[in-house]
Structure formats: C-alpha cells, structure tokens
Amino acid sequence: MWAPWLSTPRRIHTKSNPPPFSCSSFKDIQSLCEEEPKPQPESPKSPSIFHRVRISASLLRTRSHRNAYPQPSKPSITLPGADQRVILYFTSLRVVRKTFEDCRAVRSILRGFHVPIDERDLSMDCQFMDELQGILGCNKLTMPVVFIAGRYIGGAEEIRQLHESGELKKLVERLPVVDRSVCDLCGGLRFLLCDLCDGSHKVYMEKMGFKSCSVCNVNGLIRCPYCSSSPHRRTKSMIK
C-alpha cells in the first residue's frame, strides 16, 4: 500500500552482555571473606639498656646499704664497760616518722624487762653521734642501735624478731633488775641545764669576751649525774 521508500525501517534489538565492572579502588570481595591470619606470638624482647642500668643500680644500692650497716652476726663489735646494762642509741625527734616509731617501740620493749638501760638520745647531744660512728665504723646510721651487755645486737627489726622468738629475754636475764621509777633529779630526761652557763652554752670572760662553755654540749645541757654514772645503781635489793 505504501511505497517501499516511505516505510520506516525496523530496528533490530540485539541483546548484548554488559561489560565487566572493575574498579581498582575496591578490594576483592573474596579477600574480605577470608579469615585473617592469627598474629604470631612475638619472641620475648631482650630488656633495653635503660632497664638493665636500673637493675644494676638497684643491686648496687642494696649491696652498699648492707655494707653500710654492720650485721648482728658480727661478734667483734663490742662496747667496753657495758657488760651490766643495755645501751640504747635513739632519737626523740619526730622528723622521720618511721625512725621515731622504731625508737619508741624498742624503748618500750626494753623497758618492759626492768633492766638497767643507758638511753643516749642523739637529738639531745650530738656527741653520741660521733661516739656511735666510731664504735660501728660507719658514717651512715639508722636509729635505734642496741647493745646488750656490751654486745652489738642491732636495730628495731632485730629487737622485734628476738622479742617474738623469746631470745631477747634470754639475753637480758643475766642483767640486774632495777627499779624503773623516774629519776627525782632530772625527771627521766637524763639531762640537766648547765649551771655554769644557764643553758646558753656561752660564758663571759673579762679578757676574752664570750666563749663556748666547756662543761655542757651545744644545747646547753649536761647529762644527769645520777642516771648516767650508775644506771644499774638502784636495784631491787636496795629498795627498802
């Protein structure tokens, strides 16, 4: 009916496969589904040089600390003229809490045995410090320090251990028993004000002016003659 040249040409649609999608910015899905490998345990690392230096320094401090303080097992450290009493070097200052508590605990333990005790307070007389350094042969001291019958025993830890085991009682049982009443002269302080300088540690001389008192210590104190000269003087046999 229509002329062939007027007819609309038919379009033939053919199915074509879409080009494969690929993009370099995405990871492979298969690789994401795979299990991740378990981390292998790391081999122990050798300690760093700083760690080894700290350990070495700690060991050296421990060794020097042990060498600084004589051990109780040394029988050569003795105190002449103290075979009938206990000599206690301590401090009554509360600057270091642990030191003060150790000194107080040791004094309480020793006083419980009612034996002669020569208490030498380093805070009251600095000459006790020089005296103790000469006896022990070291400059670094830890209070308290105890001698029983002239024999060096040790400090607070040794006294506690001996007291708990009952050995401390055996060490002091050969000492005379005394009356632990307070001294009427010094009130138990074991020190008195110097009568020469009235506790100022200074005396005036006409030609030389003020000079240090040669009788008392730097604190203007002298030891109580009753307590220091014969600490075992008052025994129970003398009490009426």
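Is His201 buried or exposed? I started my notebook with that one, and His201 came out buried, with a relative accessible area of 15% (buried is under 20%, exposed over 50%, partly exposed in between, with a 1.4 Å probe and protein chains only).

Before going on, I noted the ground rules. This is a predicted model, in which local features need pLDDT of at least 70, side-chain atom pairs count only at pLDDT 80 or more, and totals for chains, interfaces and linings use all residues. Residues are numbered from 1 along each chain as its sequence is written, and side-chain values use heavy atoms, with hydrogens and water left out.

**His201.** I found His201 in the loop between strand S5 (191–193) and strand S6 (202–205); strands are DSSP E runs of at least two residues and helices H or I runs of at least four, numbered from the N terminus. Leaving aside residues up to four places away in sequence, His201 touches Lys211, Ser212, Cys213, Cys216, Asn217, Val218 and Gly220 (contact means heavy atoms within 4.5 Å). I also saw a polar atom of the His201 side chain 2.8 Å from the backbone oxygen of Asn217.

**Leu93.** Next I looked up Leu93, in the loop between strand S1 (86–90) and helix H3 (97–111). Leu93 is partly exposed, at 47% relative accessibility.

**Confidence.** I checked pLDDT, the predictor's confidence in each residue from 0 to 100. The protein chain has a mean of 77, and 64% of its residues reach 70 or more. Over residues 68–75 pLDDT stays under 50, with 14 contacts beyond four places in sequence. Residues 231–240 also stay under 50, with 22 such contacts.

Methods: Polar contact = N/O pair within 3.5 Å; in protein donor to acceptor, adjacent residues only side chain to side chain.
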